[in-house]
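Let's take a friendly walk through a protein model together. Have a look at the structure first, and then we will go through it piece by piece.

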Amino acid sequence: SAKQARDMRFFAGEGQLILYAGETAGYGPEVLFEAEMLFSCLQAGRREQLYKLINSMVRTLSDPQNQNIEYAMQQLMMLFMSIVRYMNEHSIPRQAVMHNGQSPYGEFLQCDTIDKIENYLCDLCDKIIDCQTLSEENGNYMAKVLAYVRENYHKDIDVYTMASDLKISYSQLRRMFIEYTGENIMSYTNRLRIEEAKELLTTTEDTVMEIALRLGYNNDQSFNRYFKKLVGITPGEYRKLHAR
């Protein structure tokens, strides 16, 4: 029958003959996978263990004595949705695992044999681990970038020089910084300066000009402008308001 042919192709793939258990085949032994083990392997980047986990499930579902396409798809869908759940919980962007603009769900449904599903799930896990590794590397790199800014924000930081010192391109540095902090380097630097300025205005008798120069501003006009933009009042007004 057409259903038998479809089921045979699903389990056997292309160019391979496999016994068919018939439409009366039961659901067979329940196929279980430990979601926590799956999550643990993904988080730790244990690719080989993930491949074995997925392959073990596929082998059980492909057993000629237990083949049932509806049951197999149900179990494989549960495995797929568990992986998607992990992505959501760990903020893995869908774009990072998409192929040719196709959503993970769409790609999964396009797999018409159990072998293709196995390959797709392994590939999906690979992309998730790669994304996590890149994020971790960027996080470690950004720690160096932020440390550089905090050590040098009193100076007139030149982003091109900063990129050269850190051995990274100017455009890549700008993009990574915005993605990581939500603001550009100049805004971040000014915020650090203004936070220190608030402390100096209330704990020292330095003039506004002296504080401006100390924090890396060329003149008090620039300092006043940035201070009012971030705090809402001028440095002089802030000092009067918070005088000790």
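This is a predicted model: local features need pLDDT of at least 70, side-chain atom pairs count only at pLDDT 80 or more; totals for chains, interfaces and linings use all residues.

Are phenylalanine 227 and tyrosine 238 buried or exposed? Both of them are buried, where buried means under 20% relative accessible area, exposed over 50%, and partly exposed in between (1.4 Å probe, protein chains only).

Residues are numbered from 1 along each chain as its sequence is written, and side-chain values use heavy atoms, with hydrogens and water left out.

**The whole chain**

The chain has 12 helices and zero strands; helices (H or I, at least four residues) and strands (E, at least two) are DSSP runs, numbered from the N terminus. Of the 244 residues in the chain, 40% are buried.

**Aromatic pairs**

Rings of Phe, Tyr and Trp (its six-membered ring) pair if their centres lie within 6.5 Å; planes under 30 degrees apart count as stacked, over 60 as edge-to-face and the rest as tilted. By this rule the count comes to 10 aromatic pairs. Here are two of them:

| Pair | Centre to centre | Angle between planes | Class |
|---|---|---|---|
| Phenylalanine 80 and tyrosine 105 | 6.4 Å | 40° | tilted |
| Phenylalanine 227 and tyrosine 238 | 5.6 Å | 75° | edge-to-face |

Phenylalanine 80 sits in helix α4 and tyrosine 105 in helix α5 (residues 104–110), so this pair links distant parts of the chain, 25 residues apart. Phenylalanine 80 has 1% relative accessibility and therefore counts as buried, whereas tyrosine 105, at 45%, counts as partly exposed.

In the other pair, phenylalanine 227 belongs to helix α11 (residues 220–231) and tyrosine 238 to helix α12 (residues 235–241), so parts 11 residues apart in sequence are tied together.

The axes of helix α2 (residues 35–44) and helix α4 (residues 69–89) come within 10 Å and cross at roughly 50°. Axes are lines fitted to C-alpha atoms, for helices over the stretch in contact, and angles run from 0 to 180 degrees between N-to-C directions. The helices α2 and α4 are therefore oblique to each other: angles under 35 degrees count as roughly parallel, over 145 as roughly antiparallel, 65 to 115 as roughly perpendicular and the rest as oblique.

Which residues meet here? Leu38, Phe39, Leu42 and Gln43 in α2 meet Leu79, Ser82, Ile83, Arg85 and Tyr86 in α4, contact meaning heavy atoms within 4.5 Å.
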